[in-house]
Every structure is written in C-alpha cells, then in structure tokens.
Amino acid sequence: ADAAAWRRAGSPASWTSWFDPKVKTTTAAGRRYVTPGRPLTGTPPPFSPPTNPAKLKAYLLAHHQGEAGTRREILWNEAVGLMMGPYTPAQRAAAYRMLASLGFQMKPSMQDPAGQSGTGVFFPGSTAVAIVDPATGVLLCIEQVAKQPIPAAHVAAGTVLYYTMFK
C-alpha cells in the first residue's frame, strides 16, 4: 500500500519530514549533513564546535535558549547532529564526553537492524539509543526501544519500535 501511494505521488526523490517541516528526506546519493535548525543539506555546517566538553555544552545551551525540551534533551539532539555531521574526531569526542558528563552510558557490541556492530549511547530509562561506529564516532543508527512491555501491541520490553539508519 505504501509503495503504491509513493508511485501515485510520482515516486518523489525527496519529501518534507513528518516530524519537522524544516527537515527534508531524500533518496538521492551522497552524504547528508545535519545542521541544527536547518534541513538536511549537502554542504558542511557553518559552525565549528568546541573540542572541550564543558565549552561545547555551554555553546550549545547558549545557542538553543528557549527551545522546547529539557537541557538534557536539547544536548542529546545536538550531540546526535555532531555524530552525523562532517566533524573532526576531537569534536565528536567532545560530544561523547559531554553526554557522559550528563549521565549517558555506552554499551559496546550492539548491532543495528542492518547487522552493523557499534557502541550504543543512551540515557538510562530513555527510549532512544544511538549506535555509533567505535572507530570513527560516526552515527550508524538511532533506535527507539520499548522500555516496558506494551501488552495491547504484543510488544516485549527491549523491542526496537522503530529506527533510522544513517550509514
């Protein structure tokens, strides 16, 4: 049914995301970059994040005052952008160290739905798990995981509800 609807719509190569009208999804080849507050783009982001975790945290919070969500949620979202973008290993390391300072944990040897092995990054009790390549720090996948059983949907705790692949 979904494939038929896609064909009826002219088989579009790109479309506006359901979760944010500023985000465009595309099937076109090539690397994508995530820049906070901007759609997916083929050009590198316009800022150079600090490589010191405390300075990175201060920078991100200063530039996202008044946004919805807790400080931890805002920092998580921005760190995920750093995991996906064309940043240096030192900049990615600062994002991971910043997350660790907030209580995020890492679990080695996780597999994403495509079978790629990586390190899971998550906040205890949260449903979001980022799986990253431990050699590069690049984001492979984000999963939303059921933390409790959902009997009405026959879903056990620990079941991946949905995911987004990045590599």
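A charge sits over a ring if NZ of Lys or CZ of Arg is within 6 Å of the ring centre and within 35 degrees of the ring normal. With that in hand, I looked up Arg72, and its charged end sits over the ring of Phe123, 3.6 Å from the ring's centre.

A note on what I am reading: this is a predicted model, where local features need pLDDT of at least 70, side-chain atom pairs count only at pLDDT 80 or more, and totals for chains, interfaces and linings use all residues. Residues are numbered from 1 along each chain as its sequence is written, and side-chain values use heavy atoms, with hydrogens and water left out.

Next I searched the whole structure for aromatic pairs and found 2 (rings of Phe, Tyr and Trp, the last by its six-membered ring, with centres within 6.5 Å; planes under 30 degrees apart are stacked, over 60 edge-to-face, the rest tilted). Trp76 and Phe104 are stacked, at 5.2 Å centre to centre and 5° between the planes. Phe104 and Phe123 have centres 5.2 Å apart and planes at 65°, so I noted this pair as edge-to-face. Together, Trp76, Phe104 and Phe123 form one aromatic cluster.
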